[in-house]
Amino acid sequence: MPQHALLSLCLTVCIASVAAAQETHLHPANGKTTATALPDRAQGGGMKFVDLNGDGYDDLIVSNAREYGVYLFVSKEREKKNLQWFEGWTQVLREGKAGDGNSLPIISDSVTFKDNVMIVGGGKSIPFAELLKVPGPAPRSPQESLAALHVKPGFEAKLVASEPLVNDPVFVDWDTKGLMWVVEMGDYPFAPGEKTTNGETGQGKVSDLQTGRIKILEDTNDDGIYDKATLFLDGLTHPTSLAPWKNGVFVASIPDVFYAEDTDGDGKCDKREAWFSGFTAGNPQHLVNGFAWGLDGWFYGANGDSGGSITAAKTGKNVSMATNDFRFDPRTGEFALEAGRSQYGKWRDDYGNWFGNNNSILGWHYWLPLRYLEQHPDVVVKTMRETLNGEKEVFPVSPPVRRFNWAAATNTLTSGCAPIPYRDTLFGDEVKDVLFICEPANNLVHREVLDYSHTPITSHRHKDDVRSEFIASEDNWFRPTMARMGPDGALYVVDMYRLVLEHPEWIPSEIAKGLELRAGEDKGRIYRIAPKAKATKSIRSLVTKAAAEPVAALASSNGWLRDTAQRLLIEHGVKESVSSLLKLAKSADASVATRIQAIFTAQALGGFSTDETVAMLRQLQPHVRAGALLATGSTAPNILPADESAFLKSQMKQPSNKPIAKLPVITNNNPDRQKVVARYVSEIAKLKADASRGQAVFQKACIACHKVRDLGVEVGPDLGTVISKPDEQLIEAIFDPNRAVEVRNAATQITKKDGSLVAGLLVTETPGNVTLRMPGGVEQVVLRSGIKEMKTLSTSLMLTGLEAVVNPQECADLIAWLRGNVVKKP
C-alpha cells in the first residue's frame with residue numbers, strides 16, 4: 001500500500017546525516033572492507049561496531065555524553081524495495097539526546113558483546129533484540145490522550161469508553177436498546193499464521209488478543225459513560241463493520257458477510273449464518289466493509305479495493321465484485337452491485353447521495369447510480385463518481401513524524417477513511433452540510449463542507465479550518481477510524497489507539513523486524529464531541545422512544561433515529577402506518593429529509609407505487625437527485641433531473657482515438673532494472689538539480705501517463721500523491737515500475753471474442769461496457785458482449801527503459817520541479 005490507509009502508520013524514522021569523514025571498516029563475518037561515511041553522532045566518540053542483525057555486516061552503536069544512536073549497515077545487496085537509505089550506516093533504528101527515554105548507557109572501552117548481548121558493566125546488559133527495536137513515542141493514558149485533543153472553540157470532547165472495556169475499536173453502531181456495538185480488529189496487522197505477499201513478514205499466534213471481536217457496551221447509569229462490556233463474538237478474521245437488523249447484526253469479516261444473533265438473552269452470539277461469501281482476503285486495510293442504511297431499505301457496503309466473487313446464500317446467485325461496491329436486501333438476501341469502488345466506508349446523506357473515498361482522496365460523490373446504466377447498457381460514461389475536493393494538505397498538531405514507506409509524507413493526506421455526512425442540527429449552522437473524514441496517519445478528523453448548488457456535488461474546507469482541523473491530537477497514537485453521528489446528535493470518534501497502523505505489506509522487512517507491530521493491542525478509546533452549551537441526552541431514552549414510536553421518530557432531526565425508525569417499520573412490516581407516513585410526507589412543516597424518508601418508508605410498505613413515489617420525490621427537488629430517484633426502482637426513461645441529465649450528456653462524449661500526449665520512444669532497455677536504479681541513485685546523489693528545467697523533462701517523458709495539477713494525462717498515479725516519497729523510491733518507480741504495483745494501478749487485459757487483446761487502466765465498468773485508458777490518454781470502450789476474458793495483470797502500464805529518454809541530470813531536475821510544483825499553492 002504505497003499511499004495509505006483504513007488506516008496508516010506514522011512513526012519517527014530519521015535519515016541519518018552524514019559526516020564528511022570516511023570510516024574504513026572490515027566486516028569480520030564476511031571479510032569485506034567498506035569505506036563509508038559515519039553518522040554525525042559518531043563524531044562525538046563512544047561508539048562500537050557489532051553485527052546486530054546477523055547479516056554479516058557490522059552495525060554501529062553510538063552513545064556519549066551528548067547523544068546516542070543505533071545504525072544498521074546497509075549493503076548494496078540490501079537495496080530493496082522501499083528501503084530508504086544509501087550504502088553505509090544509514091538505517092536508523094533510534095537516535096536522540098543523552099538522557100531521553102530511549103537513550104543508551106555511555107559506551108566506553110569496557111563495553112563488550114557476548115551471546116547476542118551488549119554488556120556495559122555494573123551488571124547491566126542489553127539484548128541485541130532490544131537494540132534492534134524501533135522505539136516510538138510512549139502511549140498516553142486515556143485521560144492524558146483526552147487532554148491532548150484539540151477541538152474547535154465551542155465544542156468539547158468527552159471520553160465515553162476506553163481500555164480495558166474496549167481494545168482496538170474500528171467501528172461502532174447502536175441497537176434499539178441504546179447499547180453500543182463495537183467492532184474490534186484485534187488481529188491487526190496479522191491474524192495468526194498470516195504473512196505478507198512476499199512472505200518476508202508475518203506472525204503466528206503471539207497474543208490472546210490477536211483476534212477479531214464484537215462487543216456490546218452499556219451505560220448502566222445513563223451518565224453518558226459506558227461502564228459495562230459483553231463479549232458478543234470473537235474468533236473473527238479482520239472484522240471491519242456491522243449493522244443491526246432485527247434481533248442481531250450483520251457483520252463483515254472475511255470471507256463473509258454473516259448474520260449473528262443472541263437467541264437466549266445472555267449477550268453472546270449463539271446463531272450465525274453466512275449470507276454472502278467470497279470476499280477476498282488480504283491486507284486488512286483493503287477488505288470488504290460497510291454498512292450504511294439506504295433509503296430503499298437495503299444495506300450498502302464498500303469494496304475495500306479487494307473485490308471477490310460473491311455467492312449469495314439465500315438466492316444461490318454468484319456476482320463478481322470487480323471494481324464495484326455493493327448493496328444487499330436484508331429481507332430477501334438479494335445482492336447487487338453499486339458504483340464504486342470505495343476503500344473504507346460508503347455513506348449516505350439525508351437526500352440519497354452517496355459518498356466514498358480512498359486513502360489519498362478526501363471524498364467522491366457517486367453522482368450516477370449503477371442502476372441507471374443497468375437500464376441503459378448502451379450509455380458510455382467517463383465515470384460515475386467525481387472528486388469532491390482535490391486538496392491533499394492536512395494540518396496535524398502531533399509531533400512531525402515520518403511513515404516507514406513514505407518518509408516525507410507529513411501534512412499530507414495519506415490515510416483518508418470513513419467519509420460520513422453529519423445528519424443532525426445539534427451542531428448548528430457551523431456543521432451544516434458537513435462531511436467528516438478520518439485521517440489516522442496524521443492523528444486528526446477533517447471537516448469538509450458540501451456544496452449542493454450544482455452537479456456533481458463538490459466540497460471545500462470549512463471557513464474556520466483554513467490552517468487547522470476540526471479535531472486533531474498531539475498524541476501520535478491517536479488513530480481515528482470513524483467519526484459518526486450518534487442517536488443524540490453528538491459526534492462519536494472511534495480511536496483504535498495503535499503505535500503502528502501501517503500494514504507490514506508496505507513496510508520494509510528490515511524495519512518491520514524492529515517494530516512492536518501490536519503495540520496498543522490492549523488499548524482503545526471512544527470520544528464524544530458536542531457543543532459545550534448543549535446538555536447531554538440519554539441515548540437509551542432517545543432510542544427506546546424511537547423504537548416505541550417509529551413514525552414519530554421519522555420527524556426527528558437526527559438521521560440515525562430516522563434510519564432506525566424506518567428500519568423497524570420495514571422489519572416488522574407495519575403497513576397500518578402508511579396513512580401516517582403519507583401525512584408526514586406531505587407536511588409542509590416537516591423537513592425535506594423527513595419527507596423523503598417517509599416517502600421511501602411508505603413505498604417499502606406497499607403504500608405507494610414506484611411512479612407515485614417518484615412523483616412525490618420530484619416535488620422535493622433540487623434536494624432530490626438521481627441517487628434517490630433511482631433508488632425507487634423506477635425504470636422511467638427520463639428519470640434523471642435536468643441538471644444531472646445535462647451533466648450525463650457532457651460525460652457521454654466518445655473516448656478519443658488520438659493520444660492527448662505522445663509517448664516517449666524507448667530505443668534500448670536494460671533487463672536488469674535494479675542495476676539501472678542503483679546507477680541513477682548513485683549518480684543523482686552527486687548532482688545539483690535545477691527545477692527550472694524539470695517541466696521540459698516532464699513533458700518529454702511523463703505527460704502521457706501522469707498528471708501534476710492540471711497538466712498531463714491521468715493513467716498512472718497523480719504525481720501530487722507520491723512526490724513526497726524519498727528520491728530513491730521515486731527513482732525506482734521511474735526505472736523499475738513493475739517492482740511494486742498497487743491493484744488499482746495495475747493493467748487490465750481484455751481478450752475479445754475475435755481473439756484480439758487490449759490492455760490499459762480500468763477507468764469505468766458498467767453493465768454494458770468497460771472503458772480502458774491507454775498511455776497517451778486514448779480511451780477504448782469494449783462492449784461486454786464482445787469480451788471473452790478480462791483479468792488484472794501484476795504489471796504496470798508504465799514503460800520500462802526510460803533511461804533511454806531521461807538521463808540522471810534530467811531525472812534530478814524532474815524530481816526537483818515536481819516537488820516545488822506540487823507544494824506550491826495554485
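Helix α8 passes helix α9 in a left-handed crossing, a label for cases where the near helix is turned anticlockwise from the far one by less than a right angle. The model is predicted, with local features requiring pLDDT of at least 70 and side-chain atom pairs counted only at pLDDT 80 or more, while totals for chains, interfaces and linings use all residues. Residues are numbered from 1 along each chain as its sequence is written, and side-chain values use heavy atoms, leaving out hydrogens and water.

The axes of α8 (residues 578-586) and α9 (residues 592-604) come within 8 Å and cross at roughly 150°. That makes the two helices roughly antiparallel (over 145 degrees). On the α8 side, Leu581, Leu584, Ala585 and Lys586 meet Thr594, Arg595, Ala598, Ile599, Thr601 and Ala602 of α9, contact being heavy atoms within 4.5 Å. By class, six of these residues are nonpolar, two polar and two charged.

Turning to the rings, the structure holds 36 aromatic pairs (ring centres within 6.5 Å, with the six-membered ring used for Trp; planes under 30 degrees apart are stacked, over 60 edge-to-face and the rest tilted). Phe155 and Phe427 make an edge-to-face pair, at 5.1 Å centre to centre and 65° between the planes. This pair links distant parts of the chain, 272 residues apart, with Phe155 in strand β11 and Phe427 in the loop between β30 and β31. Both Phe155 and Phe427 are buried (under 20% relative accessible area, 1.4 Å probe, protein chains only). The rings of Tyr680 and Phe735 have centres 4.1 Å apart and planes at 40°, so this pair is tilted. Tyr680 belongs to helix α13 and Phe735 to helix α15, 55 residues apart.

How values were computed
Axes fitted to C-alpha atoms, helices over the stretch in contact; angles between N-to-C directions. Helix = DSSP H or I, 4+ residues; strand = E, 2+ residues; numbered from the N terminus. Parallel < 35°, antiparallel > 145°, perpendicular 65-115°, else oblique. Nonpolar A, V, L, I, M, F, W, Y, C, P; charged D, E, K, R; others polar. Buried < 20%, exposed > 50% of the residue type's maximum accessible area, 1.4 Å probe, protein only.
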